[in-house]
Amino acid sequence: MIARVAWLLARPGTSGAAASLLPVTAFAIVTSLLLTVLGGAQTFWTWTDDFGVTYQALAVVALVLLVVPLASLGGAAARLSARRRDDRLATLRLLGATPATVSALAVLESVVLAVAGALAGVVLYFALVPLIALIPFRGEALGIDGVLLGVPALAGVVAGVALLAAGSAVLGLRQVVISPLGVRTKQEAPKLHWLRIVIGIAVIAIAFLMMSVLQVAGSMLVILAMLGAAFGGTIAVLNLIGPWVIRLVAQSQARRAKTPARLLAARSVLESPKAAWRQVSGVAMTSFMAVFAGTGIALLGSFGEAGDVEAMQLFADIRTGILITVVGSFLMVACSVGVNQAAGILDRGELYRSLDMLGMPTPTMDTARRRAVMSPLRITAIGSAVTAAVVMLPLTGAAIIVAPLSLAVIAGVLASGIGVVWLGLLATKPMLERAAAG
Amino acid sequence: MSSFVIEASGLSKSFGQTHALAGVDLQVRTGEAIAIMGASGSGKTTLLHCLAGITRPDAGTVGFQSGAGRVEVTALGERERSRLRREAYGFVFQQGLLIPELTAVENVALALMLNGMPRARAEEYGRGWLAALGLAGMEDRRIGQLSGGQAQRVAIARAQVTGASVVFADEPTGALDSATSAEVMQALLDSTTGQGRTLVVVTHDADVAGRCSRIVDMRDGRIVGERVPGVTA
């Protein structure tokens, strides 16, 4: 029965091609980026000399950094896929379908779209392999054989993407199962507990203390564990505090808003501060990384005077790695914003059309939509950079963080990140215009 | 000055091979409530969209008699028509189509803010209209926290708050039960024709049409009849 209903819901024409095409495209991008990163990093594991271990450790750091925005983009794609079905699944609940049937349908549809996207992503990855092969490490290009992943890795990534989609579908549709009417009518804006900020400040304080005592740690293993814990903990905290801060600022903006665009933007953020955060959380990561990268490059600059050829090669490669990580992170943020915006426009198509009929100029709608993204983005980018600077302070000292090169890298990365998001918004403007025109 | 607030002549509109309107002439008098009836696909919504300047017809003209003189709606560009809709017309749709994240009063005030009125004053006007429509005390509720009938009253307040001389309503009671439908229709009539304004309603509902001063019947993109409710032809 589930398969029959799923087929009925999935048939072309019942929901429009864009409803399926968008999540498939997003999953394709997620998969191809993940494979690209894994393919690029796998070469490092073929090196067995003393420096090989350092490269492997750095690759793990880069992968961890990229996994978060990647998971965020994957989550956005999965939620988009699930949200496309929300209404009809809620209707099925109203018609008497059991919670189990609705859950099974949601998971099935999301997984099918995710697998289709992941397979397209594998094809895209193969197309990118010749380009990745050109990236130089240790004085020579990685080469096609070096970056080409085997079948087990490819299958593992496809399965992982499908699992991500299934998990996100189950979580996203839990509300439909609990209360079909609640989802259909969006009765209340969600509330966030103040306890988030208390936990957040506590974790940042602990991370600061860990960084302060890092230099007296006994072994390299302890140092790495402390670095990892401080880094991971702070990133987790950003996710905890981010939505809370965004809500606080949006509440104040809603109270003070004098123009329709400002009012709409603030209220739209308040509708779901978590969603507003998710949309820009990739930039939080990039911003956080920018401080690490900036201070890292400054540190390398100070070590570089030693004149050791192999060490200089390592530093140059670290710079390449940082650049690739930052670029990869930007790409994922741009995709996240594009996917989320496209989904938002599709969801609110009828409303945009009615606002156009009422005489609301499309630029007003566009300004409201832009502000609803850019305002949380500014809070996120600056807040994350400051948090990272605070955590890094004991390790690097104020002199390195405020060094001109560090500041230039940080400012450059933040400006590029914000620019990329702006481009993501710009790319979906024609969709808004089409939606308003009906 | 003409007693017709809207005059449409020779309106034709096609969507691909479908002829939604095929030469429609219609005059709407100031202060009347006119119901446009017909089966699905008869062209009634397209006619409403052409009269309101939402859609530009392929042929024919629509004139609007404003306080400042006659405006040739069909000759206006997209931006001017948008401005006309914002300043001179009000709209009520079947589902209300209110902005879910705004409160009731913000939804109403938004119409005035779009015309440049400061927010505090716009909300003051909005509260007044909501109270007049029986929604006092519900101003700060979000749309999801209102019933269908209450949400539709908010939509009526939004359509009226700008002082629109013509209100266009597309199936305004289509999503409501009969008792609520009667209440909403009464509120709509009281706030339009009751105050000397004009109401153009597209409806399937004979009870709704029966409360208007004139009914226009449409079929296959043409007006096939015109009657006064309660008067047998």
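**Stop 1: helix α9 of chain A**

Select R196(A), G200(A), I204(A), A207(A) and M211(A): in helix α9 of chain A, these residues are buried. Why do they sit on the same side of α9(A)? Look down the axis: they cover an arc of only 60 degrees around it, and that puts them on the same side of the helix. An α-helix has 3.6 residues a turn, so residues three or four places apart point the same way.

This is a predicted model, so treat every value on the tour as computed from it.

Helix α9 of chain A runs through residues 195-212, which makes 18 residues. From its first C-alpha to its last, α9 reaches 26 Å, close to the 26 Å expected at 1.5 Å a residue.

Turn the view to the other face. Which exposed residues does the face turned away from the buried side of α9(A) carry? Select I201(A) and L209(A): they are the exposed residues there.

**Stop 2: an overview of chain B**

Switch to chain B and colour it by secondary structure. Chain B has seven helices and 10 strands. Of its 233 residues, 58% count as buried. Next, think about how the chain meets itself. Take the contacts in chain B between residues at least 6 apart in sequence: 67% of them join residues at least 24 apart.

**Stop 3: A88(B)**

Select A88(B), which is found in helix α2 of chain B. Is A88(B) buried or exposed? Its relative accessibility is 14%, so A88(B) counts as buried.

Now show what surrounds it. Leaving aside neighbours within four places in sequence, A88(B) is in contact with F64(B), A164(B), S165(B) and V166(B). Pick V166(B) from that group. A88(B) and V166(B) are 78 residues apart along the chain, yet 7.0 Å separates their C-alpha atoms.

**Stop 4: where chain B meets chain A**

Show both chains. How many residues does the contact take from each chain? There are 23 from chain B and 30 from chain A. Together the two chains bury about 2400 Å² between them, with 60% of it on carbon and sulfur atoms. On the chain B side, select E101(B), R119(B) and R142(B). These lose the most area to chain A, together 25% of what that side buries.

Look next at the polar side of this interface. Between chain B and chain A, eight residue pairs are in polar contact. Highlight α2 (78-88) and α3 (104-113) of chain B: these are the elements that give two or more residues to the side touching chain A.

**Stop 5: M113(B)**

Stay with α3 and select M113(B), which lies in this helix of chain B. M113(B) is buried, with a relative accessible area of 5%. Which residues does M113(B) touch, not counting those up to four places away in sequence? From chain A there are K258(A), T259(A), P260(A) and L263(A). From chain B there are R119(B) and A122(B).

M113(B) and T162(B) are 49 residues apart in sequence, and their C-alpha atoms are 9.7 Å apart.

**Stop 6: salt bridges**

One general idea first. Side chains of opposite charge can pair when their charged atoms come close. The structure holds 19 salt bridges over all chains, and three are found across the interface of chain B and chain A.

Select R142(B) and E271(A). They form a salt bridge, with the closest N and O atoms 2.9 Å apart. R142(B) and E271(A) are both buried.

Move to D58(B) and K13(B), whose side chains meet in a salt bridge at 3.6 Å, N to O. D58(B) is in the loop between α1 and β4 of chain B, and K13(B) is in strand β1, so the pair ties together parts that are 45 residues apart in sequence. K13(B) counts as buried, at 12% relative accessibility.

Finish with E123(B) and R119(B). Their salt bridge has its closest N and O atoms 3.0 Å apart. The two are four residues apart in helix α4 of chain B, so about one helical turn separates them. Both E123(B) and R119(B) are buried.

Technical notes:
Residues are numbered from 1 along each chain as its sequence is written. Chains are lettered from A and ligands numbered from 1 in the order in which they are written. This is a predicted model: local features need pLDDT of at least 70, side-chain atom pairs count only at pLDDT 80 or more; totals for chains, interfaces and linings use all residues. Side-chain values use heavy atoms; hydrogens and water are left out. The expected span of a helix is 1.5 Å times one less than its number of residues. Buried means under 20% relative accessible area, exposed over 50%, partly exposed in between (1.4 Å probe, protein chains only). The arc is that of the directions from the helix axis to the C-beta atoms. Contact means heavy atoms within 4.5 Å. Buried area is the accessible area (1.4 Å probe) that two parts lose on being put together, summed over both. A salt bridge is a side-chain nitrogen of Lys or Arg within 4 Å of a carboxyl oxygen of Asp or Glu. A polar contact is a pair of N or O atoms within 3.5 Å; within protein, one must be able to donate a hydrogen and the other to accept it, and residues adjacent in sequence count only if both atoms are side-chain atoms.
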